[in-house]
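Visitor: Could you walk me through this one, starting with the overall picture and then some side chains?

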Amino acid sequence: MAETDPKTVQDLTVVVQTLLQQMQDKFQTMSDQIIGRNILFFSLNSAELDDMSCRIDDLEKNIADLMTQAGVEELEGENKTPAANKS
């Protein structure tokens with residue numbers, strides 16, 4: 001047996017506890033890194049999605065305003081007809 005090998009049950013217990021603690025520490029570090037990255041990713045995407053949502057809302061409003069100015073009304077579905085030509 002090598003000099004670093006545990007010689008008693010107590011030595012073996014200490015070695016196993018040390019290994020388990022090291023594994024737990026590494027696992028915790030990795031978990032923290034993953035959670036940190038996910039929070040950063042979500043925060044960036046959430047902000048970008050909010051910005052995109054506002055832009056789409058503005059675009060829809062502008063289109064509706066232009067349609068009103070042009071005298072176009074939206075009928076059921078996607079068909080549009082000039083308001084002046086309606087019977």
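Guide: What follows goes from the fold and its confidence to a few residues. This is a predicted model, in which local features need pLDDT of at least 70, side-chain atom pairs count only at pLDDT 80 or more, and totals for chains, interfaces and linings use all residues. Residues are numbered from 1 along each chain as its sequence is written, and side-chain values use heavy atoms, with hydrogens and water left out.

Visitor: What does the secondary structure come to?
Guide: The protein has 1 helix and 2 strands, in the order α-β-β along the sequence; helices (H or I, at least four residues) and strands (E, at least two) are DSSP runs, numbered from the N terminus.

Visitor: Where is confidence lowest and highest?
Guide: Strand β2 (residues 80-82) has the lowest confidence, with a mean of 51, while α1 has the highest, at 85; pLDDT is the predictor's confidence in each residue, from 0 to 100. Where pLDDT is low, the predicted coordinates should not be read in detail.

Visitor: And how much of the protein is buried?
Guide: Of the 87 residues, 2% are buried, where buried means under 20% relative accessible area, exposed over 50%, and partly exposed in between (1.4 Å probe, protein chains only).

Visitor: OK, salt bridges: how many?
Guide: The count comes to 1 salt bridge, taken as a side-chain nitrogen of Lys or Arg within 4 Å of a carboxyl oxygen of Asp or Glu. The partners are Asp65 and Lys61, at 3.1 Å from N to O.

Visitor: How are Asp65 and Lys61 placed in the helix?
Guide: Asp65 and Lys61 are 4 residues apart in helix α1, so about one helical turn separates them. Asp65 itself is partly exposed, because its relative accessibility is 33%.

Visitor: Switching topic, which residues make the nonpolar surface patch?
Guide: Leu12, Val16, Leu20 and Met23 make a patch of about 390 Å². Patches are made of residues with over 30% relative accessible area and no salt bridge, with like charges joined within 9 Å and nonpolar side chains (Val, Leu, Ile, Met, Phe, Trp, Tyr) within 5 Å; accessible areas come from the Shrake-Rupley method with a 1.4 Å probe, and for residues only the protein chains shown count as cover.

Visitor: Is Leu20 buried or exposed?
Guide: Leu20, which sits in helix α1 (residues 9-70), counts as exposed because its relative accessibility is 51%.
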